[in-house]
Amino acid sequence: MVVLFAVGLYIVLTSQNLLKKIIGLNIMETSVFGLIVTSGMVDGGSPPLLGRGLEAPYASPVTHALVLTGIVVALSVTALALVLIVRVKRECGSIELDELLEPEE
Amino acid sequence: MSPNDVFDLLILTLLIGCALAIARLKDLAAAVVLFSIYSFSLCLLWVHRGAPDVAMTEAAVGAGITAVLFFYALTRTGRREK
Amino acid sequence: MRSALALVLVVVLAALMMAGVSQLPPPGEADQAVHRHVAANYLADGVEEGGTGNRVTAVLLDYRALDTYGEVVVIFAALIAVLLVRSAGGPRTQPPPRRVPVSPVVDQVIRLMTPFIALFALFMIIEGHVLPGGGFQGGVVLGALMILLSLALGPDRLRGALHTGALFWLRAVAPLAFTVSALAGLGLVGWWFALPEPGWMREFALVLLELAIGFGGAAALTGFFLSLEEDIHR
């Protein structure tokens with residue numbers, strides 16, 4: 001999971017393309033989710049569904065709820081970022097960071 | 001090594017491979033497809049770790065909606081990264 | 001040069017984080033802190049207390065309802081931000097890309113699958129408190145269905161079909177439902193977000209909350225998608 005976080009951060013840092021940066025951000029987010037869910041799992045455990053014939057030990061439901069919230073918020077962030085990027089493209093004609101930062105002639 | 005460990009290792013290798021490929025690719029459309037694959041493998045990992053709720057969300061959000069939104073943004077911004 | 005610097009930075013950071021993560025207790029053992037405190041209580045409470053067998057839903061809608069309230073407000077805020085960005089129109093610098101008509105196979109399959117996908121989404125929303133699934137998952141599937149329909153029918157027809165007053169208010173239904181739940185809990189039971197007794201009332205309240213999250217989430221996703229689509233093709 002740390003490796004995934006590192007790769008995501010590398011994409012965010014080195015890519016000049018704003019869309020690619022958002023993909024990198026998504027990879028970083030999922031790596032953190034992975035760490036949280038992994039910390040809540042139990043070897044040979046079942047999902048936290050009571051009354052369905054599954055037996056203890058159960059995985060921790062708190063971590064699952066946490067990650068569920070995180071995924072949905074990540075989606076909102078991505079959607080907002082994409083709309084902003086499309087707007088940047090329309091106003092400035094480019095989504096490459098180095099071109100955007102060049103002083104206009 | 002139990003079959004469980006083998007499965008975990010396989011999925012993790014796939015995840016890291018996808019992430020590295022996304023970092024290297026210049027074709028953004030291919031990167032989005034790879035991100036979709038990445039999300040879906042992650043969803044398998046969630047099921048394996050006893051989190052079906054998270055897996056369902058990941059499958060629908062990561063592999064579905066996010067990819068569609070990215071593709072729509074791509075039609076406007078161009079699929080090649082410079 | 002820059003990417004080499006970034007690589008060094010990332011490797012150093014990854015090494016530090018790896019050292020930190022290796023200090024965490026090994027995952028998978030049932031007697032760790034994660035499983036002992038609140039999680040153990042939530043699981044031990046069982047079906048009687050929470051009115052639901054799916055403990056994830058119980059945590060989301062009952063024990064930690066305040067956090068979920070924050071989450072739906074975040075989604076709502078993101079939707080408002082997207083709509084604001086869209087409505088701040090400027091002159092466009094390039095012609096919009098051509099709309100490519102979708103192939104008849106895709107079109108027919110979408111039309112065929114629509115009722116089944118809708119049924120599945122509703123099932124996920126309503127049964128979310130006993131089976132895996134719930135408002136968020138069902139809502140996302142419903143939103144995906146709307147995107148599919150926009151492919152088959154064309155976004156303008158979808159927009160026309162959705163443009164009614166009631167559907168407009170659906171975008172705000174999730175935060176509103178949680179506000180009502182918080183106040184009703186305070187008024188009827190005595191603390192914020194408390195669910196009413198007895199069990200069947202509790203279950204009913206949970207289903208209502210799930211429905212609100214599901215339809216609110218679907219409306220928000222459709223809003224994201226249609227805004228992006230309009231921004232691209234306008």
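Student: In this predicted model, how far apart are the end C-alpha atoms of residues 54-74 of chain B?

Tutor: UniProt, in an unreviewed entry, gives the feature "transmembrane region" to residues 6-23, 28-48 and 54-74 of chain B, so that the stretch you ask about is one of those in the record. Over residues 54-74 of chain B, the predicted chain is 100% helix and 0% strand. The distance between the end C-alpha atoms of that stretch is 28 Å.

Student: Which elements make up chain B, in order from the N terminus?

Tutor: Chain B has three helices and zero strands, and its C-alpha atoms fill a box of roughly 45 × 25 × 10 Å along the principal axes. Of its 82 residues, 46% are buried. Read from the N terminus on, the elements of chain B are α-α-α.

Student: Which residues of chain B does UniProt list for "domain: MrpA C-terminal/MbhD"?

Tutor: The end C-alpha atoms of the span in question lie 24 Å apart, and the span is 88% helix and 0% strand in the model. The name comes from an unreviewed UniProt entry, which lists for this domain residues 14-79 of chain B.

Student: Which residues have the most contacts inside the largest nonpolar core?

Tutor: The largest nonpolar core has 115 residues, and helix α11 (residues 199-233) of chain C gives the most to this core, with 16 residues. The residues with the most contacts inside the core carry the chain letters A, B and C, being A:Leu82, B:Leu69 and C:Leu228.

Student: Which residues does B:Leu69 touch, not counting those up to four places away in sequence?

Tutor: B:Leu69 is one of the residues with the most contacts inside the largest nonpolar core. Once residues up to four places away in sequence are set aside, the residues that B:Leu69 touches are A:Thr78, A:Ala79, A:Leu82, C:Phe224, C:Phe225 and C:Leu228.

Student: By class, what residues form the side of chain B that touches chain C?

Tutor: The contact between these chains takes 18 residues from chain C and 14 residues from chain B. Sorted by class, the side belonging to chain B has nine nonpolar, three polar and two charged residues.

Student: How do the residues of the side of chain C that touches chain A divide by class?

Tutor: Here 49 residues of chain C are in contact with 43 residues of chain A. Helices α1 (2-22), α2 (33-36), α3 (38-50), α4 (55-63), α5 (65-87) and α11 of chain C each supply at least two residues of this side. By class, the side of chain C divides into 31 nonpolar, ten polar and eight charged residues.

Student: Why is chain C described as more spread out than a compact globule?

Tutor: Chain C contains eleven helices and zero strands. For its 234 residues the globule rule gives 17 Å, and chain C is more spread out than a compact globule because its radius of gyration is well over that value, at 23 Å.

Student: Against which helices do the buried residues of α1(A) pack?

Tutor: The buried residues of α1(A) are A:Leu4, A:Phe5, A:Ala6, A:Val7, A:Gly8, A:Leu9, A:Tyr10 and A:Ile11. The helices against which they pack are α2 of chain A, α1 (3-24) of chain B and α1 of chain C.

Student: Is A:Leu54 buried, partly exposed or exposed?

Tutor: A:Leu54 lies in the loop between α2 (18-39) and α3 (61-92) of chain A. A residue needs 20 or more C-beta neighbours within 10 Å to be buried, and 12 or fewer to be exposed. A:Leu54 has 14 C-beta neighbours inside 10 Å, and therefore counts as partly exposed.

Methods
Residues are numbered from 1 along each chain as its sequence is written. Chains are lettered from A and ligands numbered from 1 in the order in which they are written. This is a predicted model: local features need pLDDT of at least 70, side-chain atom pairs count only at pLDDT 80 or more; totals for chains, interfaces and linings use all residues. A nonpolar core is a set of buried Ala, Val, Leu, Ile, Met, Phe, Trp, Tyr and Cys residues joined through C-beta atoms within 7 Å. Helices (H or I, at least four residues) and strands (E, at least two) are DSSP runs, numbered from the N terminus. Two residues are in contact if their C-beta atoms, placed from the backbone, lie within 7 Å. Ala, Val, Leu, Ile, Met, Phe, Trp, Tyr, Cys and Pro count as nonpolar, Asp, Glu, Lys and Arg as charged, and the others, Gly among them, as polar. UniProt positions are given in the numbering used here, feature names are shortened, and annotations may be inferred rather than shown by experiment. The radius of gyration is taken over C-alpha atoms; the globule rule is 2.2 Å times the number of residues to the power 0.38.
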